[in-house]
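Me: Hello! I'm new to this one and would like a friendly tour of its pockets. Could you show me the structure before we start?

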Amino acid sequence: MGLKEEFEEHAEKVNTLTEKPSNEDLLIIYGLYKQAKFGPVDTARPGMFSPKERAKWDAWKAVEAKSTEEAMNDYITKVKQLLEDAAAKASA
């Protein structure tokens, strides 16, 4: 399986999490996903009256130096960690 296919598979697997990840984890996977799919941020930073959109933009901006492959690999690693954490909690 190629990197792109594995990335797409984990993008679907993240939706199977039974418990919502923390906001910090959500922002990490959001930023990595956007970087992997679309490359560096190409929009203006949202204003202070849009805190959710601003946080998402900041998360994407924080990883814009990563290549597509790096972002895909980091995304896969993070999703695997979230899935493992969820499995550990479920069996505890």
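This is a predicted model: local features need pLDDT of at least 70, side-chain atom pairs count only at pLDDT 80 or more; totals for chains, interfaces and linings use all residues.

Me: What volume does the second largest pocket have?
Reply: Its lining also includes L17, T18, E19, K20, P21, S22 and D25. By class, the lining holds five nonpolar, two polar and five charged residues. The volume of the second largest pocket is about 190 Å³.

Me: And how much space lies in the largest pocket?
Reply: Rolling a probe the size of a water molecule over the atoms shows where empty space is left. For the largest pocket, that space comes to about 380 Å³.

Me: Which element gives the most to the lining of the largest pocket?
Reply: There are 15 lining residues, and K20, L26, L27, I29 and Y30 are the closest to the pocket's centre. Two elements give two or more residues to this lining: α3 (51-62) and α2 (23-38). With five residues, the one that gives the most is α2.

Me: How many residues in the lining of the largest pocket are nonpolar?
Reply: Sorting this lining by class gives two polar and four charged residues. The nonpolar residues number nine.

Me: Which domain does the UniProt annotation place on residues 3-88?
Reply: That span is 70% helix and 0% strand, with its end C-alpha atoms 26 Å apart. In the unreviewed UniProt entry, the domain annotated over residues 3-88 is ACB.

Terms used: Residues are numbered from 1 along each chain as its sequence is written. Side-chain values use heavy atoms; hydrogens and water are left out. UniProt positions are given in the numbering used here, feature names are shortened, and annotations may be inferred rather than shown by experiment. Helices (H or I, at least four residues) and strands (E, at least two) are DSSP runs, numbered from the N terminus. On a 1 Å grid over the protein atoms alone, a cavity is a set of points where a 1.4 Å probe fits but cannot get out, and a pocket is an open set with protein on both sides within 12 Å along at least five of seven lines; lining residues have an atom within 4 Å of a point. Grid points are joined across faces, edges and corners, and a volume is the space filled by probe spheres set on the points. Ala, Val, Leu, Ile, Met, Phe, Trp, Tyr, Cys and Pro count as nonpolar, Asp, Glu, Lys and Arg as charged, and the others, Gly among them, as polar.
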